[in-house]
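The structure is shown first.

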Amino acid sequence: MTDAVIDYDEALATYDPVMGFEVHVELNTDTKMFCGCATVFGAEPNSHVCPVCLGLPGALPVVNGKAVESAIRLGLALGCDIASWCRFARKNYFYPDMPKNFQTSQYDEPICFDGHLDVEIPAASGEGTETFRVEIERAHMEEDTGKSLHVGGATGRIQGAEYSLVDFNRAGIPLIEIVTKPIEGAGDRAPEIAKAYVATLRDLVKALGISDVKMEQGSVRCDANVSLRPIGTEKLGTRTETKNVNSLRSIERAVRYEISRQAAILDGGGSITQETRHWHEDTGVTTAGRPKSDADDYRYFPEPDLVPVAPAAELVEELRGTLPEPPAQRRKRLQSDWGYSDLEMRDVINAGAIDLIDESVAAGATPAGARKWWTGELARRANVEGKAIDEFNVTPAYVAELDGLVKGGRLNDSMARQVLEGVIDGEGSPTQVADARGLELVQDDGALEAAVDKVIAANEAIAAKVRDGKLNAAGALIGQVMKELKGQADAAKARELILAKLTG
Amino acid sequence: MTDYTRMTAAEIAAALASGDTTSVEVTQAHLDRIADVDGDIHAFLQVDAEGALAAAKAVDDARAAGEQLGALAGVPIAVKDILATKGLETTAGSKILEGWIPPYDATVVSKLRAAGMPILGKTNMDEFAMGSSTEHSAYGPTRNPWDPERIPGGSGGGSAAAVAAFEAPLAIGTDTGGSIRQPASVTGTVGTKPTYGGVSRYGIIALASSLDQAGPCTRSVLDAALLHEVIGGHDVMDSTSIDAPVPPVVEAARRGDVSGMKIGVIKGISGEGFQPGVKQLFDESVQLLVDRGASVVEVECPSFEKGLAAYYLIMPSEASSNLARYDAMRYGLRVGPEGVDSPSAEQVMAATREAGFGDEVKRRVILGTYALSAGYYDAYYGQAQKVRTLIARDFAAAYEKVDVLVTPTAPTTAFKLGEKLDDPMAMYLNDVATIPANLAGVPGMSIPNGLAAEDGLPSGFQILAPATKDERLYEVAAALEAALHDKWGAPILAQAPALAGKAAG
């Protein structure tokens, strides 16, 4: 059964949406949060477990110092205060994947608190961008749960399954949970801001190098809270919490859907149930999960098995020194360095190609050439094949090499495309592919001149037009020359030669 | 023939070192003693004769090969069933862990193995260490070797009884609110709770993580010190363990000098409301210390009287969380609910907990769950933590004036089996003198200081030292032990009645 929804614009004419996000980031530390087990994605089930992460009687946790450092670095990048003394707490609840039946997390003493993240969105005017500030309430450390596998049903869900298996490889992998304060004032741009917030946060985490940030593998997981209040009122409405929305596009859609759904209920005189909701990627709707009160009774208390975390001020300052250039600032700098227009830069960002272009330029590519390949052919293919652009056999070094071959005059554009095909197909480096396929512009002026002469002689009518000053007609002759030389001619040179012969 | 079961660990170690005997011989003597008397005492839940003899053989071979061995190499030991032992069933006295064979050793157990100490078996205890009488074991009570109709104390009654009944020269106990010291008191043995964090908790099935502490159960102060040195020290697997060397306890136990020392007698826990014979023995013991050159100062610790209440909030709160993992899904007992064809996981869990947890465990889990629940946290757990801070302050203030504090260990001698079983509050009151040390994390020791006039049963003398100053316990205890031996001409346990059994028959 699908809930009633009303038109989004209509909803926003009446209601003011307030959002909140809880983003879980899985850290890429070598070992788990509280034990020495390896953190490997996709390993044989239960192959990376020990008494500690299995919660066996008597086993005790020990905090992973690297994870604490990652949390501090993220907190600093978010402009947070870093607690000089904080503790872990036990969050007591039952969950089939959770070996101890409590989660070791942080409660009223998070390691990072009171920060903000500036999110850039296209300006309402349509020109340039504007900045929307999202206030961060806290970022705290915790451990991940295991994973259930439901066997025997048609859908892989628990409903209809004959039995369930649990893989504890993920149990105990370090997480940082970043919680926003209520995001007010987003208005009809709420879904867009939602997406931009998660994307900006993801970029920041990636720049810090503390996570693989693979949303599709669950290393970044987002819960989206949405509530509505009548425009002009202050009191927050009842919220829903849509769990595990795991792509940027879905976040935008899920927020949009929740606004339309809640507005339909409120318009009908109903009230919103405070509950968790599940997002369905295929149908684009959310459905009810479990009711959730404001004070779920997790019976938090300080984790007595762990000593408090008290990062020294010197350590915090040392970590501050390791922060990368903020992604937004870096984008501005690179755009200026590379001489891209706003539009070009936006394409680059949308293609997720900034780092690749940066590395390509560092490897010797021209900024224009690097942009052309990454946001052109590679982005197109990635889109068609549903891949990320860095998943092909194409490295920044190869792009630099390819760009060099074009700029050096060995390849023309269409030949370069063929070379790229070969690289993607794993035939080797651009030079190797060009060599193997015999792709090389005819450099021999004699051969080019002979071809030009032949084409002019065979197309006297067109040649006459050019002689009469209709230079555009030369294009047809160039085409013929290319054909004559099986595409391996330098078109610019051919044009030069034709014009010289006919008008010179 | 030499009776190795009557020797202290230090004496056995000397006999082994001199080549007078072998670990196999000594271990076998204790296994025989267990076979003779444990039917009456029930100190052991598991006896691992094969494992103990194999370890004994290995240490004998090592000695023969001239290897450098530790002070207690070859001396057998019993281990409370709350410590995980690889390959050996570990139940914490609970049905819910019946059949659980840990895939790993507790750090204390690893250290015993590394020290070449054969592990005789696992000793009985109150379920999950909840109790002061070992009557709450799911596998039946342990009996006091002084009088089988009486309790051996708890929760580590099995460990204390094994040592008192000469079934083991040494045992490991754990003390959350007095579970090493109170059994020591009622069985005439020496029980030590080191400073919190002085011995690793890794692999000790948690009752209350912030209070639990493993320690030695022995028949002499020197034995306690020798064992303390084996099991103590920092452990990277336990972040609450102290990163410092083990205090010089053996040296202190050998010296036993209290001249010039200030002994603090705590007002309020110095005998008021205690059994008259217990109080009398306490006063006599204090006098013996004075005779040896110590001076006595009376100190006030006003928060101590609130310790019991705070303890009975903090301990069940932590226990309720620690015990949540026993869900019938991964190890231990699993019981299907009756009359349900295909039960849900929750139904199986409920049925298993109903069958697998005893009344005392259920009582404390419910109490702890309630104390932590929303709206009650501040009133209960939060207040209890404040009391804990006050108690620590009382200790700190007292130790500015005195070197150690002393009290009777338990208010009474061993009571009769069943006597307090229906009265949890009466049972809890047994720990009134021992609990403050756990709340503050300071070390404590109980040594036998005589037989109470009215019932002829052992009484205990408790010494409490500042955190990390464990050596002071041994210094004072060794002095008192020496004074008492002079008085009696022998250790108090020499007066224990002979136990029925093959050896006696």
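**Backbone, interface and helix packing**

B:Ala92 lies in the loop of chain B that runs between β2 (77-80) and α4 (107-114), where helices (H or I, at least four residues) and strands (E, at least two) are DSSP runs numbered from the N terminus. The model is predicted: local features need pLDDT of at least 70, side-chain atom pairs count only at pLDDT 80 or more, and totals for chains, interfaces and linings use all residues. Residues are numbered from 1 along each chain as its sequence is written, chains are lettered from A and ligands numbered from 1 in the order in which they are written, and side-chain values use heavy atoms, with hydrogens and water left out.

**Backbone features**

- Most residues other than glycine have a negative phi, and most peptide bonds are trans.
- Although B:Ala92 is not a glycine, its phi is positive, at about 55°.
- The peptide bond between B:Gly154 and B:Ser155 is cis, with omega about 0°.
- B:Ser155 belongs to the loop of chain B between β3 (119-123) and α5 (157-164).

**Interface of chain A and chain B**

- About 2,500 Å² is buried between chain A and chain B, 58% of it on carbon and sulfur atoms; buried area is the accessible area (1.4 Å probe) that two parts lose on being put together, summed over both.
- Of the area that chain A buries against chain B, 24% comes from A:Pro57, A:Leu60 and A:Arg299, more than from any other three residues.
- The contact (heavy atoms within 4.5 Å) draws 28 residues from chain A and 36 residues from chain B.
- The interface holds 1 salt bridge, defined as a side-chain nitrogen of Lys or Arg within 4 Å of a carboxyl oxygen of Asp or Glu.
- A:Asp305 pairs with B:Arg201 in a salt bridge whose closest N and O atoms are 2.8 Å apart.

**Helix packing in chain A**

- Helices α15 (residues 474-484) and α16 (residues 491-503) of chain A pack at about 125°, their axes 9 Å apart; axes are lines fitted to C-alpha atoms over the stretch in contact, and angles run from 0 to 180 degrees between N-to-C directions.
- α15(A) and α16(A) are therefore oblique to each other; angles under 35 degrees count as roughly parallel, over 145 as roughly antiparallel, 65 to 115 as roughly perpendicular and the rest as oblique.
- Helices α11 (residues 413-424) and α12 (residues 430-437) of chain A cross at roughly 110°, with axes that come within 9 Å.
- α11(A) is therefore roughly perpendicular to α12(A).
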